Amino acid sequence: MFLQPVVRCKNPDCTTPSAARIRLPYPNPPRIGATPPDWPQNDWKLRLICRECDHWYVYEKKDVQWAPFSYPLADHSGLDFWSVELECAAPNCGSRTRWHVLDNSQLSETELLEFVLRADPVVVCENGHPLSLAGVGSSSAQKAMSV
Ligand SMILES: [Zn+2]
Ligand SMILES: [Zn+2]
């Protein structure tokens, strides 16, 4: 058994059991019985979109808990933790934001991008431009081993 960092979806209407805990990637997670690492850092922030209810929130250190699992997330073939970087296409902006999704349905990169741009509420850049309306200049998606 391994300890893995998890967060709870912050949407009070998200009732599906799998949404209760969203696993976060963590390299070499400790075995159960070990003291959980002091992770993440105090200024850590993560934009995470719930795969079940499409709602996104910013998660912080206080939202992170450690929970036991049979094996590390990295060894779980049906779960992919994605990090999607979007560049804002609004004039004179160009800010880049990262969006994270724990996918359980083998989304393609195109489907993943569509999922992010359909999130609720509309995803916005650092300067508040709605990315699904203002547009995305460039995007990249990769499976993340850490956040
Ligand atoms: Zn949710
Ligand atoms: Zn912008």
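The chain contains two helices and eight strands, assigned as DSSP runs numbered from the N terminus (H or I over at least four residues for helices, E over at least two for strands). The model is a predicted one, in which local features need pLDDT of at least 70, side-chain atom pairs count only at pLDDT 80 or more, and totals for chains, interfaces and linings use all residues. Residues are numbered from 1 along each chain as its sequence is written, and chains are lettered from A and ligands numbered from 1 in the order in which they are written.

The order of elements from the N terminus is β-β-β-β-β-β-β-α-α-β. The chain is as compact as a globular protein of 147 residues, because its radius of gyration is 16 Å, close to the 15 Å of the globule rule (taken over C-alpha atoms; 2.2 Å times the number of residues to the power 0.38). The C-alpha trace spans about 50 × 30 × 30 Å along its principal axes.

Two cis peptide bonds were assigned in loops. The bond from Trp39 to Pro40 has omega near -5 degrees, and Pro40 lies between strand E2 (22-23) and strand E3 (45-49). The bond joining Asp120 and Pro121 has omega of about -10 degrees; Pro121 is in the loop between helix H1 (109-117) and helix H2 (131-134).

Positive phi values occur in Asp54, near 70 degrees, and in Gln106, near 55 degrees. Asp54 lies in the loop between E3 and strand E4 (56-60), and Gln106 in the loop between strand E7 (96-103) and H1. Asp54 is partly exposed, with 16 other C-beta atoms within 10 Å, whereas Gln106 has 10 such neighbours and counts as exposed (buried, 20 or more other C-beta atoms within 10 Å; exposed, 12 or fewer; partly exposed, in between; C-beta atoms placed from the backbone).
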